[in-house]
Amino acid sequence: MDVLPKIQALRDELNLHNYNYYVLDNPTISDYEFDLKLKELQDLEAQHPEYFDENSPTQRVGGTITKNFETVKHEYRMYSLDNSYSKEDLLDWERRAQKILGDVPLEYTCELKYDGASISISYENGKLKRAVTRGDGFQGDDVTNNIKTIKAVPIKLKGDFPEKFDIRGEIILPFAGFEKMNQELIEIGETPYANPRNTASGSLKLQDSAEVAKRPLDCLLYSLIGNNLHITSHFEGLEKARQWGFKVPKQSHLAKNMNEVLDFIDYWDKHRHEMPYETDGVVVKINNLHLQDELGYTAKSPRWAIAYKFKAEQVSTKLNSISYQVGRTGAITPVANLMPVQLAGTVVKRASLHNADQIEKLDIRIGDEVFVEKGGEIIPKIIGVDFSKRPSHSEPTKYITHCPECQTELERKEGEANHYCPNFYGCPPQIIGRIQHFITRKAMDIEGLGGETVALLFNNGLVTNFADLYELKKEQIIPLERMAEKSADNMIKGIQKSKEIPFERVLYALGIRYVGETVAKKLAKHYKSIDAIASASLMDLILVDEIGEKIAQSVIEFFDNQENRLIIERLKQHGVQLEVSASNDTAVSDTLSGKTFVVSGVFEKFSRDDLKKAIEDNGGKVGSSISAKTHFVVAGDNMGPAKLEKAKQLNIPIISENDFIEMING
Ligand code: AMP
Ligand code: ZN
């Protein structure tokens, strides 16, 4: 008799039991019976390796080791969410949306904001294909093997699913599981984990998937992405996803208007602690997908969604001491060392004090009982002092006058909040910090070299600036702590490879104050080479679109410095890209310079994002809504009626994508 039907029947049965247990929270057989069936399947699969299936429930126990997670580009970018903190914020948001959409009635989906690590999972023909972390939103790490061990994630879908789609959600660690993990650590004398969220996101990057399988992770889904999904609203998408076997929290609610949204928020502000996992807010999304499309995105987040953050929780605890950290720009940050205290699911030991003014304003003294709050950020902050508990002998805090790392006298510029250590070239954390910035993903993206290794290289006198990296020799690296032939090879290979990084990113990597990614792009595009930037005058720089005096001044200062010029000279000799390469330059033009475009509808030859990119690459600007300043509206199918009306009113030419293509081809 053929065993394949039997194997398949067992797989289906086990998948169903996993679903009942982990998604529905409603098991129909005992754990013991489940284990027996799993064992039976394992045995059959072992006897018949020809029927191996990577999506069998037996594969959920993990065991694959991933040394380096592969970087994968997201087919659809993973945006973040704008935050709001009050009803007024929400009403403002609604007003802004309504202004773009016109006077249409709006419905909203309300979901809890799950606090974990975001994940994007691709399915094809009902099978789990790939799971990728959010990363920087454009690309993330392929963590498929680890995600498969999470039983709430279906590996095979049921019902009437589309052929191909992505689903987005959050990998979380419920409180109970988190506490159990910590209990086990405490028993063996290890340090417990600080909070569920970091533990969840750390779990995704464990090399051994069998370790991940042991962690009680869960996966809550909140959005479907793809073409031909045959859904017209977000809420419908959630319901469909649920039918296909995904865990979509049933708290998600369709609100008919903003008042119902506010009711939902009020309710959950009071009841959120009853949830088995951490939630720090509510996510409100405009339900109609056409309207979502109409609203589009800002640089970072969708205009059709907003997160409402619950008010942070507070506790009071004792301030034991203050220490001072030196950042890569030399800025000093005072840090409070606190008597450890439990706050919003984490143990808090340290808090940011921001700067000298803040300490003075709040009159914070060592020995004080202080109020600590955890807002959206990971590091909690001190918001005040309990003066009734102040010890009688306490003294006002004297801010340090000299750098704790290099003893140089600190400076504070007019109008700046922070003190700075001016010892740019001699202060260790500044040097290390700059090199750490240089190697990051958005900058030179050097594989095989991490932040800690940079510190190690510096402490061993091997690198003190960017150029030194390119002169490192294998023999120098191998003797260092935790280094070996292989890691040294990888490091050198990674450094050599960074010579291919385009000029705009090199410029960003240099860490010139106020020159972030966007400014670096602007400067690179305008000047085309580092030499041209270095010889530009202040006036010259200010005349570049969107470069203000503060940035210009900082650029001038950077290139005035002899040491910087030397380092750049050396980088040039090593072949680092210090000018725009020809291949990067031809794809762009200035044809659309001075023209503002608004994009609306769906296109055949471009995705909306590609169309916007094409506009910018050719020197044009992309506007978000139609106004008197708009020069052209590029319209695709299903252009929103409100936009059409507005464009007609203002007499703005509406062009097709073909007209647009003709326009850029001259
Ligand atoms: P932020 O990282 O603060 O910009 O918030 C955006 C993140 O919130 C997303 O990347 C998701 O990981 C997470 N998130 C949690 N719950 C939801 C939800 N219900 N809908 C959308 N995003 C959510
Ligand atoms: Zn210093």
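**Zinc site and cavity**

Modeller: In this predicted model, Cys403 (SG), Cys406 (SG), Cys421 (SG) and Cys427 (SG) coordinate the zinc ion (ligand 2) at 2.2 to 2.3 Å. Donors are N, O and S atoms within 2.8 Å of the metal (3.2 Å for Na, K and Ca), and water is not among the atoms, so sites may look incomplete. Residues are numbered from 1 along each chain as its sequence is written, and ligands from 1 in the order in which they are written. Local features need pLDDT of at least 70, and side-chain atom pairs count only at pLDDT 80 or more.

Colleague: What arrangement do the four donor atoms make?

Modeller: The arrangement is tetrahedral, because the angles subtended around the zinc ion (ligand 2) are 99 to 113 degrees; four donors count as such if all angles lie between 85 and 135 degrees.

Colleague: How are the donor residues spaced in sequence?

Modeller: The spacing is C-x2-C-x14-C-x5-C.

Colleague: Are Cys403 and Cys406 buried or exposed?

Modeller: Both Cys403 and Cys406 are buried (under 20% relative accessible area, with a 1.4 Å probe and protein chains only).

Colleague: Which residues are closest to its centre?

Modeller: Of the 13 lining residues, those are Tyr425, Arg434, Phe466, Asn564 and Ile567.

Colleague: Where does the largest cavity lie?

Modeller: It lies between domain 4 (428–500) and domain 5 (503–573), because both give residues to the lining.

Methods. Heavy atoms only, no water. Tetrahedral: all angles 85-135°; square planar, octahedral: opposite > 155°, others 65-115°. Buried < 20%, exposed > 50% of the residue type's maximum accessible area, 1.4 Å probe, protein only. 1 Å grid on protein atoms, 1.4 Å probe; cavity = no way out; pocket = protein on both sides within 12 Å on 5 of 7 lines; lining within 4 Å. Domains from an automatic or database assignment.
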